[in-house]
Each structure stands twice: as structure tokens, then as C-alpha cells.
Amino acid sequence: MNTEQTKPPGALVIETGSGDLDRAVDDYEEDEDEEDEDMYITNSPEPPEPVEFEGLMQTDEDEQPGRFPPEQDMPFVFTNILKTLTPLKFEEMYKFRSWLKLMARELKDSNFMEGDLLDFVDKMIEVFGHSKTLYITISCLDSSGLKAQAEELQKVCMKALIRYRLTEEINRKKKFVFEGLVESRVQNKLNQIFVEPKISKRICGAIDPSHEFRSKPITPLQVPDPDSFTSLKNLFRLTKDDGSRVRTVATTALPGSGMTLHTSKFCLDWAENTANRDLECVVRLPFHRFWSLKRSESENVSLLEMIHICTSAFKGLDSYLEEADHSKRLIIMDCLDSFQDSVDWLNTPLLTDIRTPASPEVLMVNIVRGNLLPGARVWVLGRPPAVSQIPPSLIDVFTEIQCFSEEMKEDYMRRRFTPELAQKILAHYQRIPTLRILAHQPFVCWIMATMYNRFLDRQGYGNNPPRLTPVITNLFLIQLNRRLSYYYYQPEVKTMWSNQDKDMLRSMGKMALEMLRRNTDVFFKDNLKEYGLDLREVVMLTGLCTELPAVSNQRRFSFIHFTLQEYMAAFYVFIMFYQDSKNVLESGGSGKLPFFRQSSSKAQPCKAANVVRCAVELTLNSPLGQYDLFLRFLCGLMNPTCHVKLFGGFLFEYRTPPVSGLKDVSKVLEDAIKTAPADRVENLKECNREVTQEDL
């Protein structure tokens, strides 16, 4: 970066890039008698000529990281700070520098109270960067009583000041990721643990079709074409068919894929100037804020008020939001599923004034349409059932975040832990094929990283392979508790689920078991009505189900993985046994096992061994894979680790009595191992280990 220096009369200034020293001295001697009409005077009321900045290396706007907008770039800020400070009198400048000495303690130069103005500003930018230098300069001018100069500089450099405020806010809020409950949160740097996702421009459902026993998925699933992938930072560099840039992007993913984390990473990259520098501002207007206003039944608010609710960066700078050109601005609207009222995307009234109060639905729809902040780019994120309700005419491109590949799983573990511990955790859970498969889902990968990091510190832990059921139970608990805290604003503490929650889970389990019997992994809206289930609660809020791409205009739904469907079926059988003393698998002597038959009575309590015996018979008399994991989960739920320690305080009261007769259950499994076909023995051994192992 080249800077010029002011020079008193007779001073020699050499441009080092324009020639050698001897030629410069000769030129000066030849012209020394000429009138010094172009020389700068230190006390001149006029500011120096604008500095020519050459060699500022920025990638072209069409590529990353992009070129700063001119009014937010360093030359513009540098020049306007000089224009503001140059006319100051000696006393004003001394006072300004005195305030600067108090506010900017990072300046170590003991002589910064004196010296050349250009060097002084250049030194500030070198230490703080041009955006923070602007903020400090305005603050010191205001504190020095030079309010007119401060207001003028703020007005001229408004866009650069807004960028600074936003970047500071993003760095404060998004630089670290907090995991777990409030009272025991673990803090990690986002850049350290973040794994770059694969984002497809083709919606396929994102469900991993792999299974430990089934060689083919029940429902054929589409797989995204590798050519359809794009990167997170390039979402708004995609083009439409006519070659123009996209304005609206909608992104979906399976529950637990980290959509909010991806928006944080996008914002942080922008704030750190590593991507999308050509965007003037990035503003998050999450849908749960709109829902909070709707839920509180407060008066209508304007978009301007909504922006101030979500960020303080525009305080005192409302005129920026009222400008006509918004094409370099991005609005991120996250978690559409949190807005729990239906939205009429096509018939909502038109709104164009950001100061006009309106209902949250009107604001949301008009932002997406482009009526409010016209030209601004809009990024809408949400679970598939929510995003699928937006008319395609309002979205330029629909995208989908894919699950982890094998390489991404390993990368995630190695980012979180030392190489030795990461390898130990990877080797531990990969001993169970189903855990290796489920780790494709980022949320499950996080659960295993959290669990096994803690357990492997225990002496002797890790000699045996991990058990499958506790991992799925933890996923089950975390998703359902997140539903209560995020969507229903309940405290994030251990508390009993309501009877309505328990009834919903029991009905979901009953539906899952019937789906197993019919050998299907897809359900429809009519199926939910059959079991008295609400579509929004089950498919959108629980985090256990998702929506698949429609076929023949018919909406289809499924559990987020077939393994979770098997777990829910086992959960239903266990709950009916444990709470109602009923064996829904009992054959009644017919040789076949009718479902949902409640033949046990209070006088003759159902025994765990009887339930497991029926499940073993059902498994061995069925094609390979249909009930194998169902049996393993049922056995795992019999273990007190799950129904006492994990479900205690949520589904059951604390200190709930454990299931009795587990030795008989183990005996049933051991007898089955002796007579089972060779290809079924290994799963039966795993089932027995789920019952007896006590390492969790």
C-alpha cells in the first residue's frame, strides 16, 4: 500500500516505486527555483489530495472472496478520515489524540500524539483495520466535542460503519459454538469444528439408504448427482437459467443436520472477510423471532422495528435501510418450521414500506417476494415439510444439505479431538455397523463424539463394542427436548413430559410397528389421522421424521432413518409391556403373531422374557433384516441403563423400578442362539449384550 506524506516547504518527497534515488534528486534540483504551487502545507485548511491506492489484491466479484463494495473498502474510509481530520486546529487535534490514547490502548507507539497525519491514520489502519479505525475515529471526535465532524463522517461512511457493527456482533455471537444444556455447555470455536457440507441443487430427501441388514432400501431413494453440488459460500453465486444471479435460495436438510450452524458459518466467513466480501451487509431475521411476536399477540410491527429487534447494528442509521438499492444485501431467515401458523404465500397483502406496521406473516411473505427491501438476496432455511409449502415461483433455487461422508465423519472427529483420541473414538463406534451408518447424520456424529469422549476416560471402558440402543435413546431424548424448548419455550432442564407428549410417542411407535409389519418405510397424511397424530407435530417438530420428495403430487413422509423407525416400534412394544403390562406381540397359540393384540391381564402380569420370546420368534420367522434391529432395540430398552437412567425424569418418574427378570430374558436369547441359523446368531449375541452389558 502506497501512502503520500504531507511536506513542509522545501521538503523532498521521493516515490520509491517511480524511479531510483539519483534521478529523483536530479529532478528536484532542476525544479527547485520553480514556484511550489503543488506542495502540501501542514497547516493548510485544504485536505491532501486523495491517495491513489494501487496493488490492492482482491478477487473479482464473480469469484471468492469477492471485492469489497467501494464505500466499504479501505481507500474510501482512509480518504474520508483524512478529509475529516485535516482541517482540525491544533487544540482540537490534541484533544482528539488524547481521547484516542484512552480508547485505543493497542497503539504502542509512544510518539503517536505527534507526527504526520497521514502516517498517523495509516498506523491506525495497520493496527485496527479500516473499519474499526472508522468507528474509533467517530467515537473520539464525538467525545472531543466535535459532534458535527463526527456526524458528517458517520453520514459519509455509513455503509462502512454498518459493516463494522455487524462484523463485531457476528464475531461476538457466532465465533463459538455452545453445546449441551445451559448449565453444562461446552464451548468450541466454530471454525475449528466446522466441516464443509455438501449442498445439492437437487432435492432428494437426504436420507441415507444404508442398513446393517437390508441390502436394498424398502423405498427406492434418489441420490443427488455429484454435478449438482455447490459450496456453502457460493450459494449466492449460483445463476438462473437466464444467467442472472439468484435472489432467493431455500435450503432444507434432515433434522440434526446443523442448518443453523451453517448460517452461523456463512455469517462468520463474511465477517472475517474470507468469503462474500461483495455483500454490503448480512442480517439474520430468524422465523422464531417472527413467531415470538405472533405468540405474544403484541401490536403489529414494521420491518424496520423487526430489524432493530434482531440486531443493533443499524441504530441511528435507518436511512441506510430506506435506500433504493438493496441488491448487495442478504437477509437470512432461518428455521421456517418454528413459525407454527399456516402462511398464505400467494394472497398475503402487498407491503413495500419498511416503516409500515404489519403482522409477522405479512412481513415474512413480502421479504421473500421482494416487495420489502427490493433486490435484497434472501436465504430461507427450514425442515422439508415447512419449506415445501413455499410456492416454487418465489424461490430461484431449492438446495439440500447432505449428510456426512466417511471422510467428513473422520474430519469432524479429528477437528474436535487430538489425533489419538479421535482415532480411538472412530475405531470404537465403527465396531457396530449400524453406528457407523447412523454417523452419516451430523447430529448422531456429535452424540457419539460427546458420549465416547466421556466414557473412554473410564478405566476399562472400550474393551467391549458400544451398545446401539443408548445412542439412539440419546438422539430420541435430545430431539424431543429440543422440540419443547425451541418450539414451546419450556425450560431446558430435566422435566417430565406431558401426557400429550407421551400419547404422541406411543402412537408414533404403534404406527412404526405397523409399518414394519407391512414392510414399508413411508407413511402419508391419512396414516397419521388413523393414529390420531398431528402432521406438523410429528413430521416437523419432533425431529424424528421428515418429508420425502412428492410422487404424483402426493406428499410422503418417513422417519429420518429406517433404523429410527425400528427403534420406535420397539419403543411401543416396551412401553405397552412396562406401563400397561401387555404383550402386543403375543400369538395366542395361533402360530402367527397378530399385532396390537392385548391379551395379558392385571392378574397375570406380563413378563419380560415372554415379550422377548415373542420378538425372537417373530424375528427368526421373518426375512433377514425385517425385525433384527427391532429385537436388538427391544432388548436394549429392557436394560435399566435406558429405561431408568436415560428416560428417568422425562418419560418415567425418577427412581422408577427397573424391569425384573432380565436373567430370564438372557436365557431366552441364549437358547435361541443354540438353535438359530448361523446367519442370525451374531445379531442374537448383540441382543444379549444389549440386555446384560452395564458399561453406560
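Predicted model: local features only at pLDDT ≥ 70, side-chain atom pairs only at ≥ 80, totals over all residues.

Colleague: How far is Asp241 from Asp396 in space?

Modeller: Their C-alpha atoms are 9.7 Å apart, though 155 residues separate the two in sequence.

Colleague: Let's zoom out. How many helices and strands does the chain have?

Modeller: There are 28 helices and 11 strands. The chain has 696 residues, and 53% of them count as buried. It exposes about 32,300 Å², with carbon and sulfur atoms supplying 48% of that.

Colleague: And the contacts, what share join residues at least 24 apart?

Modeller: If you take contacts between residues at least 6 apart in sequence, 73% join residues at least 24 apart.

Colleague: Now the sheet. What's the strand order?

Modeller: It's an open sheet of 7 strands, in the order β4-β3-β9-β5-β8-β7-β6, and the pairing is mixed. The edges are β4 (229-230) and β6 (281-284), each of which pairs on one side only.

Colleague: What does β9 pair with on the β3 side, parallel or antiparallel?

Modeller: Antiparallel: 2 bridges join β3 (residues 199-200) to β9, and Ile199 stands opposite Ile401 there. With β5 (residues 248-252), β9 runs parallel over 4 bridges. In that pairing, Thr252 is opposite Glu400.

Colleague: How many of the residues of β9 are buried?

Modeller: 4 of the 5 residues in β9 (residues 397-401) are buried, so the rest of the structure largely encloses that strand.

Colleague: And at the β6 end, how does β6 pair with β7?

Modeller: They pair in the parallel sense over 4 bridges, with β7 covering residues 329-333. Val283 has Ile331 in β7 as its bridge partner.

Colleague: Switching to helices. How many residues of α9 are buried?

Modeller: 11 of its 13, so to speak mostly covered. Among the buried ones are Met259, His262, Phe266 and Trp270. From first C-alpha to last, α9 (residues 259-271) reaches 19 Å, close to the 18 Å expected at 1.5 Å a residue. After α9 comes Asn273, which has a positive phi near 60°.

Colleague: What about α24, which residues are buried there?

Modeller: Ala608, Val611, Cys614 and Leu618 are included in that set. The buried residues of α24 pack against α23 (562-580), α25 (628-638), α27 (662-675) and α28 (678-692). Its 13 residues (608-620) should span 18 Å at 1.5 Å a residue, and the end C-alpha atoms are 18 Å apart, which agrees.

Colleague: I clicked on Thr469. Which helix is that in, and what does it touch?

Modeller: Thr469 lies in α19 (residues 468-488). It counts as buried, at 0% relative accessibility. Leaving out residues up to four places away in sequence, Thr469 touches several residues, including Tyr567, Phe633, Leu637 and Glu690.

Colleague: New topic: how many salt bridges does the structure hold?

Modeller: It holds 26. One of them joins the side chains of Lys159 and Glu280, at 3.3 Å from N to O. Lys159 lies in α7 (residues 158-174) and Glu280 in the loop between α9 and β6, so the pair ties together parts that are 121 residues apart in sequence.

Colleague: Are those two buried or exposed?

Modeller: Lys159 is buried, at a relative accessible area of 14%. Glu280 is buried as well, at 9%. Both belong to a salt-bridge network that links Glu71, Lys159, Glu280, Glu323 and Arg329.

Colleague: Which salt bridge does Arg518 form?

Modeller: Arg518 pairs with Glu514, and their closest N and O atoms are 3.6 Å apart. Arg518 is partly exposed, with a relative accessible area of 41%, whereas Glu514 counts as buried at 10%.

Colleague: Last one: which residues make the nonpolar surface patch?

Modeller: Trp99, Leu102 and Met103, and the patch is about 270 Å². Leu102 sits in α3 (residues 90-103).

Note on methods: Residues numbered from 1 in each chain as written. Heavy atoms only, no water. Patch = residues over 30% accessible without salt bridge, like charges linked within 9 Å, V, L, I, M, F, W, Y side chains within 5 Å. Areas by Shrake-Rupley, 256 points an atom, 1.4 Å probe, with all protein chains shown as cover. Salt bridge = Lys/Arg side-chain N within 4 Å of Asp/Glu carboxyl O. Buried < 20%, exposed > 50% of the residue type's maximum accessible area, 1.4 Å probe, protein only. Contact = heavy atoms within 4.5 Å. Expected span 1.5 Å × (residues − 1). Pairing = 2+ DSSP bridges.
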